[in-house]
Every structure is written in C-alpha cells, then in structure tokens.
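Subject: Structure for your review

Dear colleague,

Please find below the structure that I am handing over to you. I would be grateful if you would read the notes that follow with the structure open.

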Amino acid sequence: MIKSLVFLLEFLKGLWITAKHFWINIFFNFLKLIGFNIRDRGSVTIQYPEEKKEIARRHRSLHRILTREDGSPRCVACMLCMTVCPSECIYIEAEEDPNPEIQKRPSKFIIDLSRCCFCGFCVEACPEDALRMDTNIVELGEYNREKLIYDLNRLVRISK
Amino acid sequence: MAEKIKKRRTKKESLLLNMGPSHPAMHGTIRIMLELDGEKVLNSEVEIGYLHRGFEKTCENKTYFQVLPYTDRLNYVSPLINNTGYVMTIEKMLGIEIPERAKYIRTIMCEISRICDHLTCLAAMAMETGAFTVFLYMIKAREFLWDVLEQTTGARMTTSYIRIGGIKSDFPENYKQLIGKAVEETRKVLKDCHGLLTKNKIFLNRTRGVAVVSKEDAISYGFTGPCLRASGVYYDVRKAHPYLVYDQLDFEIPLGENGDNYDRYFVRMLEMEQSLRIIEQAVEKMPRGAIEIKNIEEILEPYKAIQSARVKRPTQNIKLSPNLEGTEKEKYPYILTDDKKYIIPPKEDTYTTITGLISHFKFFMKNHGIRPPKGEVYFSVEGANGELGFYIISDGTDKPYRLHLRAPCFHIMSALEMMIKGGYVADIIPTFGSINMIGGELDR
Amino acid sequence: MSLKFSPQIEKEINKIIKNYPQKQSALLSILHLAQKEFGYISEEVERLVAQILDIKPIRVREVVTFYTMFHQRPVGKYHIKVCRNISCSINGAEELIDYISEKLGIKVGETTPDKKFTLSVVECLGACEHAPCMQVNSEYYGNLDKKKIDLILERLNNDIND
Amino acid sequence: MERETRKMKESKTIKILKEKFPKDILKFSAPFGDETLLIKKDSLIKIMKFLKENPELGYSLLLDITCVDYLGEKPRFELIYHIYSFRLNHRLRIKTRIDEKNPITESVISLWKNANWLEREVYDMFGIKFKNHPDLRRILMYDEFEGYPLRKDYPLRKRQPRLPGLE
Amino acid sequence: MIKITINGKNYKVKEGLTILEASKQVGIEIPHFCYHPALESEGSCRMCLVEIKGVPKLQLACSTPIKDGMEIETENERVIEARKAVLEFLLAGHPLDCPICDKAGECKLQDYYYKFGLFEDRFEEEKPKRDKLFRIAPNLIYDQERCILCTRCVRFLREITKTGELGVLNRGKESLISIYEQELIENNYSGNLADICPVGAITDIDFRFKIRTWFLERKKSICPICSRGCNINIHFLSPSFPFKVEKRVFRITPEPNVKINGYWICNLGRYNYHYIDNDRILHPLKRNGELKQISWEEFYEDIGNKIKILIRRKKEEKIGVIVNLSLTNEEYETLEIFFNKCIPGTEIITFGKKSGKEDNFLLTEDRNANRKGAGKYRFKEKKIDILKFLNKKELVIFFGHEITEHCNIQLLSEALKDIKTKVLIASNKGPLINLVDYILPSTVIAEKEGSFTNSQGITQKFYRVLEPLGESRPEIEILTSLAQKSGIWRNFLMTRRAG
Amino acid sequence: MKADFITTKLDYVLGWARKFSLFQYPFVTACCGMEYMAAACAHFDIDRFGAGLTRFSPRQADLLLVVGTVTQKLAPVLRKIYDQMTEPKWVIAIGACAVSGGIYNNYAVVQGIDKIIPVDVYIPGCPPRPEAILDALIKLQNKIQNQPQAWKWREKLGK
Amino acid sequence: MFLDILIIAIKIILGISWLLTLTLILTWVERKESAVVQDRIGANRASILGLRVFGLFQPIADAIKMMFKEDFVPPFSNRFLHTIAPFLSFFFAVITLAAIPFGDEITIGSKVIALQIVRMNVGLVFILAMFSLGIYGIIIGGWASNNKYTLLGGMRGTAQIISYEIALGLSLIGLIMIYPSLELNEIVKYQGSLLFGFIPKWGVILQPLGFFIFLIAGMAETKRVPFDLPEGESEIIGFYTEYSGMKFGLFMMTDFVEVILISALVTTLFFGGWQVPYLYPDGFHFPWGGNILLNKWIVTVLQVLSFNLKVAFFCWLLVLARWTFPRYRYDQLMNLGWKLLIPMSFVNIIGTGLILILV
C-alpha cells in the first residue's frame, strides 16, 4: 500500500514536472508576447522564417566560387576538389586562359548539390581559396532535381 | 485435462504478424516476422539489411581520407566516435602520435557524441513507450550539445572532424562557455527525465524484468557496451584498453544487475552523467593551445596572399575562410601531428609556399596521399553501443584493401529474437528501443 | 645572308679551324674574331659563325650568352662589368651596381646615350680576393666602394676628354 | 611495467596454443601488435573450443568474424576471427584460409551464439558456406540478389534492382 | 662482374655501369632529375649524390662508374641532408604552379619532396619572373619559371634526333632554355620532350589541361601507325573516374623497349590516337534503302546463310574477300582457316595502306602494322585489277577501307553496284561506308588482343587495354561466329585445332 | 462563370486547409532522421506549420517524408507505402541519399527516390539542417496553395 | 408541446455546438498544451487574412482538409461496416451529452427550462450504457479494416473498455449510495449542500477513492496515453489504421469528445457540476457570514461558467497526463483494471456502506 502510494507520488511528480514546464513556459511566452523578452527562458523554439537560428561561422553551407578583382572566378581548375570529393558531385572541365599568369580556367564547373555531403573537403582541398562554403544559405530545397545542379555562373553569382 | 488444453492450443492457428520495415518503432530498417498467440510472441524472425549501403565495398574504392565521411554515417547518432575509431586505426598502422591537446579534444567530442547517442536512444525508447515529452526534452538537450559540435566542427551531425593525425580544427574561442552551457542544459534535462521516467510505475512495469539477458547470454551473443554492462559484466574498452586520455580521467562504469530493459535504460542514464563528468574534467585538464596563448591578428585575405606569393612570400598573417577557421598555422602543432606526410599542410603554407603546395597536392592526389604500410590491423574504441572495432587491411596503396567494421549493435540485434521470445508484442518496442539499433551501423 | 667576314679574317678562321680535331671546337676563337670584326655579335653573325662551323646557331648563342665578354648589342666605349657573385655580393656589390646605374643614369645592360659607358653585371670575375670588383674593358678594379667608383668613373670620363 | 606483464600474458596464450596444437598452427605473427594466428581450416573448431573453454585462457567473447577476398591468390579467401578474453584482457586474431572451389568451413555456432548472424553475413557477402549452420541465408542483401557483393570481382556499381527502372 | 656494397649489402653487378645504374639494377632507387638512361649523363641536377666510403665528398651517382669493392651509402643522413639541400634550392625559385601544372601527380619534384624533403620553406626573397607561355614547338609549351635546367630536352634533341633546336642561354641564375629566335622545334619526335621533362616545364598542347594525370591509368600496347611496332603506353581514363566522358584515351607515351623503339615514339604515333574514340562505327548496320541498326545475330544469320548457299551451289569463287594489312596474326590465321581451308576457292586479295614518308629514326615507310605477319599467312599485297576481281562476285567482304586508296572510288562504286551482298568490317567510318550493305564494327587495336610482327620480324603480343566501344567486336570473334552460322563449323574447328 | 468563381474560391480555401494541415508519414531510415527529429523538436518545431502530426498509417497521411537512404532492398516498401497513401498526397525527399543516392553510389542504394515515386520537393544536404526542412515545407505549402485542388465535385460544377 | 420540442431542439443544437466547438478547441489545446509542456510553441502559422491567433484556425484547416481527403475502403473488407464504424463510435460518444446538466433550471416566463438536454431519472446509467456502446465502433472498425494490426487494436480496445467499464460503474456505486438520485441534475444539486457547514458536499470529498478510480477508469475510457493501447501508435498503429479522411477524423474527434465528456462527468459527479461554492440562487451566502446578493441571471451565468471552467480544468489535466506518462502494456492494463481498480471500488462500496450505516 505504501509502495503504491510512493508510486502515486511519482505519478504526481511527473505531472508536477510537466505542469511546471507548462506554467513557466506560459508565463514567459506571455511576457515575450507583450514585449519582455527574457533570454533562455520559456519555449526554446525559433520561429523559423521570421527569426533564424544563428548559424555557426564555421558551418558548411552552400558553396560559392570567389572571384578575382575583375570578376572572373578564382578557380584555376586544378581539380583537387573533384578528386577529393567523396560523393563525386563536382565536375570540372578546364580550358586555356590567354593570361600567362592564370593559364588555366574552368570552362565547366558543376556542383551537383543533390549528391553533395557537405563534408567540406573541397574547401580544404582548394589551393586557391576559390571555393568556400560560408554563404550560410542552408535552405536549398527545390521543386526540381535539375535545379540542384549548380553551374559556374550560379556559383559565382552567389558571392555577389 | 491440462494436456488436452495443451493439445487444443497447439492445434490453434497462431497469428503471423509482419512488423516493419516501415513501422514507427522499427526505425525504418528492421523487419520482424512475429508468430503470435494473442499478444504473446511465440516466435520471431528478425530481418535486417534494409539500410545496407555497401559501406565496406565503397570504402575499398575510396582513399583513406575519403572514407572519413562514410564513417560519419555509420552510427549517425555519434559520428565522432566512429571518426575516432577509424582514424585511430589508421594511426595505429602509421604509428603516429598526436598532440596532447588533440587527444583531449577528441575525448571531449567523443563524450559529447556518446551523450547525444544515449539521449537519442532513450528518447526514442521513451517515445515508443508513449512518453512523448521525454523524447522532446532529450532532443532539446541534444540540440544544445550539437551547438558545441556545430561551432567547433562546422556541421551539426556529420562532422568529418577527427582527422588522421589529429583533428580538423581547434575549438572556437568561447568553447568553455559553450560546453558549460551544454552540460548545464543536459543536466537539467536529465533531472527532468529521471523525474518523468526512472521511478514511474508504468515505465518500471514496462521495462523491469522484460527481455532479461543473463550474463552468460550477453557474452555468448557478443554484447558489448551498455547492454553488456546492464547484464552486470564489467567491460568497457575505455577501461580495458585505454585510448586517448581516458586513463587520466576519473570516471566510473555503471553496471546493471538484471540485464533487463530497465537496466539498459538506467545504465545509459548513469553513463551520460559520467560522460558529463569526463567532459568537465577534460575541459579543465586540457593543455592550452594557440587560441589561449596568442591573439592572432587577421590581416591578409587569402587571395591577396596567393597573388603576392607569386612574387614574394607575404609575411602578414592570413585570414582564412570561415570554414577553415581553427586551422591557422599557429594552432597546427597543438591539434595535428608533426609528421607532415599524413596531414594537410596549414593553409597559409599552401597559399604562399611551394613546399606547402606540394605537400597539399601530395595529400589530395589519387594514388598519392596517405599510404599505410602493408598489413592488417584491428582497433576498437568504446562506441555508444559497445565496442566499435575497425579491421583494416592495407595493401600499401592509398585505398584500403579491405575495411571491416565490427558493429556493436549487429551482435546485440542478433539476440533480439531471443529477447522478445515469450514476451508481449508491446514489449518488443522498449526492448528494441533499449538496444539502440542504428541502421547505418547495423547494416553498414 | 649578306654578312661576310673580311677575307683576311676568313683566312685566319680557316687556320684556327685546322688546329682542332673537330671543327666545332674553334667556336670560341672564331667568336673572338667575329667580335673584333663586327664590334658585337648580332644574330646575323651568329648564323654566319654557325654556318662556318657547321653547327646550329643556338649553340653559338649559348656560348655568346654564357661568356660576358661577348656582346650581343653594340657597347659603349667603356664596358663596365660588375661582378655579382657570392663574394662580391656579400661585400656589397648589389649596392654598387645600383649606385653606378644611378650615377650613369642607365639600367643594367644599357648604354649611355653618348655611347661611352655600358653597364653590365657578370658572374664571377675570378678576383674574389678583391671583392667587390669590376672590370672595365680589360682592366680590373678591386676592393671597390662608392668613392673609388666615383674616382674611376671620373677618370674614364676625363680620359675621353683627353 | 603493466605493459610488460601484458606482453607476458600474450605470449602465454600463444605458448599454450603452440604446445597444444603444434601441427595446426601454420603461422604466428603480430602485425602492428595484434597477435595473429594462421591455422589449418580443419582444426578451427578444435582450437576455438580450446581457447574458449580452457580455464586459463577463457576467450569467451567472439568479437567478430569476417572474411577477406584475396583475388588471384590461392587459397582465395581468408576467414578472420577476433576473440577476446575477459580474464586475460587480451584480443586474439585467428585466421584460416579457404579455397575458392570449395568454400565450406565449420560453423562456430556451437561455441558462440552471435556467430549465427556473423556467419550469415560472411555467407551473404562472400559466399562462404558454413557446415552445421542452422539457417544459412542472406542477411543484408535480398534473396533475389545474385553474386556476392564484397568479392573483389563484383563491380561496385552493379545494381540488381527489385523494382524495374532503377538501372 | 664485380662486387660492390650498397647500404651494407653486397651485390654483384656488371662492370662499366655507373652507381645509379648499378643500384637501379639491384632495386635501389636513387633520385635524379637530369639522368636519363638513353642520354649521356650530365650531372647538373645534383640530386643523385651518394656517399662512397673513402671519398670525402658526396659523389654523383649518375656519372661515377662503379669499381670493385666500392662501398656506397644511398640512404644515410648525410645523403638525405644533401638531397634536402638540393631540393630546397630547386624549389626556392619554383613558381606556385601545381594547380595549373599538368605534371602534378607525376612530377619528380613533388615525389622527391614528399619522399626526402618535407622541410619548411625558408625562402622569403622574390621569386624570379620569367616567360610562362613560351611556345618552343607547334605542339609544346615551355614554362621557364618551372624549369630546373636538367637539360634533358637539350640533350635529347642533340643526341637522339640530332636536330639540336634547343640550347641553354645565359648563365647563373639567368640561365634558361630557349629555341633560336623563332625557329620552332619541328621534328617528328618533339613530343618526347614533354615526357622526359621531369617537371612541368615542357607541356604538350594536345594533353594540356585536358585532364589531371591522377585520373589516368596506363596499359601497354603496340602502336599500329607504322610497321615499326613501337611499344606504347595508352593513358586512358581510369574506370573509377566518376563521370561519363566521351574521350577515353588522353595521350600515348612510349614504353621503353631497347630492341625496337628505345625510349621514344614519333609524333605521328603519339598524336594519332583519336581514331580510338572518334568516328567509330558503334553498331552493326544494314542497308535496306537506308542504314538501319541490326543485331549481330541478324548479321550472322544473313551472311552465314549466304555463304552456306554459295557453298552448296559450289560457287565459292563468287565470294571475294579483301583483306587489309593491319590485322593481328591470330586474325590472319583465322582468315586463312576460314576462307582458304574451309571454303577453298574463295578469292582473296590484300591491300594495305599506301606507304608514307619514312624518317631516319623510328617511323618506317610502310604504314601497315602487320605486313610481315600477313605475309606469313600468305596474305600478300599484289597488283591486281580490282574491278576485274569484283566482276561477277556475289558476296564481297571488306576488311577496312584501305582498298579505296588503290582505286578510283567512282569506278569502285559502279563495280560494287552489281554485287548482291557487300560487307564491310571496320572499326572506323570511312569512304566505303556509303557503298556497302552491311557495316560491322570491329575493335581497334587497343580493344583487342593479339600479336603483330614488325618490320624487323619481331612478333610482339599485346593485350586488351580498353573495353570495346559500342557493340564492336574483334574480327576474330566475328569470323568465329560467322563460321558457326555458315555451315563450316566443324571443319573450321578441326582445322583450327590442328593448326 | 459563376461556377468558375466558386471553384477558384473553393480551390483557395481547400489549398489553405491542405497546406496548413499536413499529416506526415515519416519514412525515416537513416542519418537524416536525426535532423528530422531535430526539426520536429523543441528548437525548430515543425508543428508550427501544422505538420506536426505524424501518422504512421499511410492512409491518413498527406505528406510522405522520405528521410534517408533508400536501398534496393527497401525500394518496394517505399513504393508500396506511396501507393497506400490516399489522395491528395505529396512527397518530400529529405537528404542527399533520398534525392540522388548521395555518397552511396554503389550496388545497394537507389539513386534517387524519384525513380520510384514522384517527388514534390527535394532537399539536398547530408543531412539538411532543420531550417532546410522547414523551408522545404514552406515551399511545399506554396506549391499546394497554387496548384489546382483536385476534388470530386470539380467536374460536376462544369469545370 | 410545440414549444417543448422547440426548446429541446434548441438545447440539442446548443449542446452539440458547444460540444463540437469545445472538441475543435480541444484539438487546438491538445496541440498547444503539448507544445508548451515540451518547451515548444506549437501550431501557429495557419492564418486567415494574416491573422494567426495562436494557431486557433488550425483545427479548421484540419477539419476542411480531412473532409476532402480521399475516402479509402480497404479491398476485401465489408464496405458497410467499415463506413458505419466511426459514425457509431462518434454517435455514442456524443449522445452521452444529453444527460449532463450545464446549470440549474432557469425560468423564462412560466416555463421552467432545465439547462440539460434531457432530464432523465436514469441519467447515470444512461451514460454508462452509452459509453459501453462506443466499443462497437472500435471493434467493427478494427475488424472491417481487414488488417491484422487493426484487428489487434480493436480487440485491445474492446477488452480495455469492457474491463474499465466495470470499474467505472462500480466506482460510482458509492456515489449512488450517497446521492439521492441517478438523475445528474439532482446529483449536482445535492452537491450544493454543505458538510459540517462549510465544506461543499462535492463528490470528491465524500468519495475520494471513488473519484480516483473514476478518473483513472475514465482516462482509460478515452483511450489516450497512458491507456492508448487500441491506438498504440508505436506498437500497432491502431484500430483506425485503414481509415482515412473524415472517417479517421471522426475517430479522432470521438477521442476528444470523450475527453470532454469524462471531464464533464467528473465535474458533474465529483466537483459539484455547475455549483459554485456558497452560491445560491439568490447569491453568495458564506458560512462565515456575509452575503452577496445577485441577479438570478448572473447566478445562472456564473453557474454555467463554473461548469465550463471545471470541465476545462479537467480537460487540461487529462491532456497534461497524456503528455506525461508512458503507455501501459496490455496485460498490465488488465491487471490494473481487474486487480486494482475493481477491488478498490469494492472496498470503496463497502466502506461507504459501512460509513452510511454507522452515520
């Protein structure tokens, strides 16, 4: 009998915990509603499209290709990113550049985002600092699978 | 009379029920064929392999470096432990010693992962037994832990953070604060969950004495990790074959008594507390790194540096891209081994010197890169589910000849048929939850 | 090819060639002669020499560019050759080169507009004991410093006036 | 100090084994410090049983069974057992070679229960059959699947879809 | 034979070798840039320094001959230190070009730095600026900044081709390699310069930037361009390359074979590899008004029946076979069995490619890969009036398009008009395509195995390098399958077995 | 004319109701499930979009979330579940594996679920962040709102 | 006569609309409360004309969507039974409402109108009877779906409801022994009197054990966590696995309706129904003296409000419990019902009897 009383108490304790959460959250949510935003209390929910969770500086998000001063991509098509990419989502074709200092430039640079695993190896492999994943764009959903294939132009445009 | 009843019983048709693979409690990757007598399980057959992604075969076609992301996705709840296990196996082959700070960081990361894993496991178990709120609390705590991971590694889950020869990057500057907050929040949640589950009569009823695995059975089935310890066997790779800095830290291995679902739950709960202890100790004891010693001024954009290095090597510090933060040259000696053959050279060197550039290319090019000596090696770490062992055969090239994973939950899953036999249909769920089946690791 | 050696020199060349078992070995001597004849060794001269010796002109060019005493362009009256090899460099040759070029108002390899001075930099002159040193036409000047150079240049300048 | 004692123990297992089964052990090696024994295929059960049941050794935990395909070598396959002793705190690797033409070996299911699935996996991935196995079926792949994916001569990307239109 | 000691081990080697050659023979690699087995050693790179006991200074392995009892150390600290120093000097002025350099991956600088160097770059001075896009030949680009002045190229042109277009100009740090004025290297072996350059200074325009070397695999084969039978390496895209690319073969390099081609191949053989991927016939085609794709089975059925009928009607002479001179010995043997032995009476004529110019080195006049081999099986080129030959034939089988080089195509097409069945077995598209009814894809050399007998009479075997493109099949397979369908199978088998 | 007006209004209302009441069937198999959990939980709270209710019966679900790798062995199951769902239904492919096979380009994995079932929104990422999942949900809601709502009486009203 | 019918019709309409509105709100409450308990926010984006109102429109969206969802009948099953099951379930749940009083009688003119749809002297029995009829919906639905899981669910549900029905009934016997009538309004009225002069004679005070048993058994009747075995979302998915669209919606609504009804019953039987302590038809009369006299309309409003507030509280509590506890196992549930609740209710009956005899 005492045992079952103890159990009953445990039930009540459980209810007490949830009720506590309930009332505390109600209280602080109400405060938030009328304009007093007390940090770290109340619901932790981030109301997504309006407010966004701060993305870490180091976070690997959508790729972009950086450009030189004249707007041409910094990439010299060394193909290291293509080599190291474990998901084989980067494809590059190279061509000659008349400038002897550059010599080589990508004629095709395709990232198939649908395969990308966001490991960041391509960024680590890039010896020219041409590729970065610091756009903080993570909302990459598309209606079409083809749209997930990013070509050179699109990747360059992101950085602007 | 009794015999007659028995006879009639045996004549009775039993109900065949197919559970999974797309069953809410089967995590999408398990199928159990049940032979039921009412709600009692007479017999069962567990079918796995619905998440067999060809990990081992794929790895045979990838370089040692490229295998890293794949290891992330084995036990995807605690990727950093997988990383560590894989990387340390390679290190054992190469005979590299890594810096002390890197070891501590690895330890902290592993323990955070372990907590995440246990949280997720217990959350799922609780959810499947109906305690939805506990699930949400635990995942909430995990979110705080993941914040630490995200700030440090650049990804929330699949981090690819542990590297052959060390780690990818040093902690961010505010790491103490971050970890402190995560630990505090986790403690809070654990307290709540203890209140909601640990002594709750319903939960006790559901888990106590259910799916009991005796010591002998546990060993015979090759259990390791929390499930083995729940059966009362003292075996933990961290204690038996200490790696990283576990021998320098003070922690205990909680043991269960009965080997039932409750013990498996409780051992995990206690282990999380131990892990929190380990994290706190490690943060205290960790040797200071460059982030704590020097204030690094960032001056030059990398591209400018590359441009000017064509003429003359720039002398200013280079500001790395945010993704590469934590890998500045000053930090390198603290987080990576000094054997240059197996690590990516610091980005500053790659950008500005020919030697760095050559090392960089050598690391990344196919058929170059990391090439361990010929031979075979087995190394294991204490994964969240048990002994996570990597068996790698190298043929001297830059790709593993064979890579085999000793998946802890594979062994535990093989005992599932035994564990659910004679129980109720409803018992399958907490039992299944308590063994923490992770598809990626089980099916590989 | 319109360019030709004078018959006298041609004779001399033939004589020199005979001294060697292989024709090509006479290259150096013939180049000396050629420089004497034409003042400097132009592309045409190179081709001429190559034709005489039955070798590729590039070999002639190799020799001509290797030795600093051969000029590929017309030089001034005084050809100043400053050593920039190790001993001299350590002793400040670089500075002196800058100084001379500043003083003469020309860059290395150029000739003053009055066709008097040509400044060039050369590898070791074999006078390391006097480093830094330079050679003007066939004369050596060692242990140089700015003062000394002033003196030498002044003298040379005056020399012309004489 | 501790390490030394451990070394002693290691040699103890090997010593006992070498004494007991002089003819069955083909090769002893310790690559990267892991003690490895290559034994004859037929004496597998014998040695395993000894290792498990000998009170001095007590290798009661079967860590893993796996296989390697050395395509082009003879015999082609190598079975690898990792066992662990709580008593000695020691891991041991037992290897045995299996011929391509007759890939059958004895099952260790009578000693360890987890051998059931482990051997099924080896069967599934390499096509090695185990005698006395109660239920030798595919475990990770589906029944319609032809060939053994982890063999070296199976192409990485050869798909055998269960639904049409998946290549 | 004399005794020497290398790294404490005793070896017996032939007399007269240099240390480098001797250690290479016993399997010890000494790093080198300027040394090349076919060229005279110059000793300009200083990479091959080794220590000889009793000699105070380190010696050049490439130019020091061995002596009896010599004790050589190639791996001790002093040697490694010296190598490091040499490398450091070489790298001091080297541009940061790995990303755009085609040599990356097979560059000796990279390899040796990784193996012996791994030092920190201490060079903080300005790097020299030079000409980076210097065209030295129609097919070659020279990068002066990358050059380490090993002079392999200069020596190659002087010693092997004896044309000597290149020279080393200036001296000291100004040294550079150059052509004379605008006189480009225009010999038939210039392509080899890109191969022998140990760094990326000389790059081949044909290969430049097409692909990175680490994506390529190489396999040995035989060059089919002339009757020399040079041994070559075909560099093709590794099967593990994850993307689908039309081009499979990216370059051809020589495979050393002292007896035949030494270390070299000519430009003709080097650059004429496009036939492997371009203009290929991919599927069996049949003309029924217009060309339509058919299956191999259909073809075997059609032609087999035709042959069967002709044999039954004892009109073997109505079958005409026109063979070229680029098939393998095995194929000739099969042809011989098929047409000469099993269907005696068939008329066979042989036409090869027209002869070209020979140069004095490797390239021969005869542009057929296997004239000698064909000769062995009695396939000899004779002057025959083709039109006469074609007269009153009912079935003609062409192997290759070579016949069109020997006759007026107008006349040929007219002559072919009367013939009922015309079959072409060829790997590439050509002029005959419009004239025949059946077009069958056969494989190119790189896709089949067999052997060639070169003009010197050496028979060389080669193996399959690439998978056949499309539905193409080796001729030997076509003939065998055809034999099966044309009712001579048993005979065919027996003769083959007997042969 | 009037009928048209009514149908467009009804279309709008129906679209509104449907987009805010997406009962989901999570077909969770692998890694992305962890992020999906995160999206469903306190910090991101997918319930805010009215898509919080998970129905583990395909009959009741409107939205099939394919979360994680689909292997060849699992493909028939996925197909069956899609077929079992009642109209109207939508599919979101979450994660690289579901979209295209991701890093697993080998013998065991289906290279994109769109070869088995039609997909409305693709989310790349391995795994995608919860934000990406929520964003995709908003994109799907837009799509639902703007697409014609097929319903029984549409034809009767004279289209 | 006509007036009577009109009044009853109005009452029925009012009652049902009250119930349905409350149901819809309860679905919202369920969502929001669970969210807040779990540190979330919960559905709040369903907006009409840009107004979000804390997601209050969410239930509307759900309802509209479900109505237009494809109606699915599994092949090889009885179409009629499959269709009728949810309606049965819903009907028997809603009809229970008839006996519940919302307030005291009001008098308009000469007409005395009970704030209760039907006043019947077997109210309590009627309610119990209707509750137990509800299982037909479940078992028919479970069987007609032609699915093993639904069958399991249906069987579980049947067994559960039947066994808890007993406990539910027995727990009330104590009350019946005390209260003078089976008519619910009478019971409520009785609870208006005071014990010892100051404690309201609410059922919970007279029958704490009975209340406890009734609450648990009532929760079990609603088939919600921790007693949601027939649904058992993560085990057997539930007896309505094969239902889609509005039929499924009906099952869901039945759940919520039952929650409301159980709350209403608890309120009525144990918490004084519409009674406000010390409130009499003419106003407050506090036992410690002092009166506040009120208009009779205000009193009525207060009473109805009080009833609604109490119902709301219990709804809140039941929802809270649903989000707090894990789920029972089938055999444990049976154990709890048969071995704990039923004996306890017997104890309760005997104890009550003894006390009644003694007092």
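Predicted model: local features only at pLDDT ≥ 70, side-chain atom pairs only at ≥ 80, totals over all residues.

Interface of chain A and chain B

At this interface, 42 residues of chain A are in contact with 61 residues of chain B. The buried area comes to about 4,400 Å², and carbon and sulfur atoms give 53% of it. On the side of chain A, the residues that lose the most area to chain B are Arg58(A), Arg60(A) and Glu124(A), which together account for 19% of what that side buries.

Three elements of chain A give two or more residues to the side that touches chain B: helix H1 (2-33), helix H2 (80-84) and helix H3 (121-125). Of these, H1(A) gives the most, with eight residues. By class, that side of chain A has 19 nonpolar, five polar and 18 charged residues. Seven salt bridges are found across the interface. One joins the side chains of Lys53(A) and Asp147(B), at 2.7 Å from N to O.

Chain F

Chain F has six helices and four strands, which run α-β-α-β-α-β-α-β-α-α from the N terminus on. Its radius of gyration is 17 Å, close to the 15 Å that the globule rule gives for 159 residues, so chain F is as compact as a globular protein of that length. Of the 159 residues of chain F, 75% count as buried.

Salt bridges

Over all chains, the structure holds 123 salt bridges. In chain D, Arg93(D) pairs with Asp34(D), with the closest N and O atoms 2.8 Å apart. Arg93(D) lies in strand S5 (residues 90-98), whereas Asp34(D) lies in the loop between strand S1 (25-29) and strand S2 (36-39), 59 residues apart. Both Arg93(D) and Asp34(D) are buried.

In chain E, Glu106(E) forms a salt bridge with Arg251(E), the closest N and O atoms being 2.9 Å apart. These two residues are 145 residues apart in the chain. Glu106(E) is partly exposed, with a relative accessible area of 26%, whereas Arg251(E) is buried, at 13%.

A further salt bridge of chain E joins Lys448(E) and Glu475(E), at 2.8 Å from N to O. Both Lys448(E) and Glu475(E) are buried.

With kind regards

Terms used: Residues numbered from 1 in each chain as written. Chains lettered and ligands numbered in written order. Heavy atoms only, no water. Contact = heavy atoms within 4.5 Å. Buried area = accessible area lost by both parts, 1.4 Å probe. Salt bridge = Lys/Arg side-chain N within 4 Å of Asp/Glu carboxyl O. Nonpolar A, V, L, I, M, F, W, Y, C, P; charged D, E, K, R; others polar. Rg over C-alpha atoms; globule rule 2.2 N^0.38 Å. Buried < 20%, exposed > 50% of the residue type's maximum accessible area, 1.4 Å probe, protein only.
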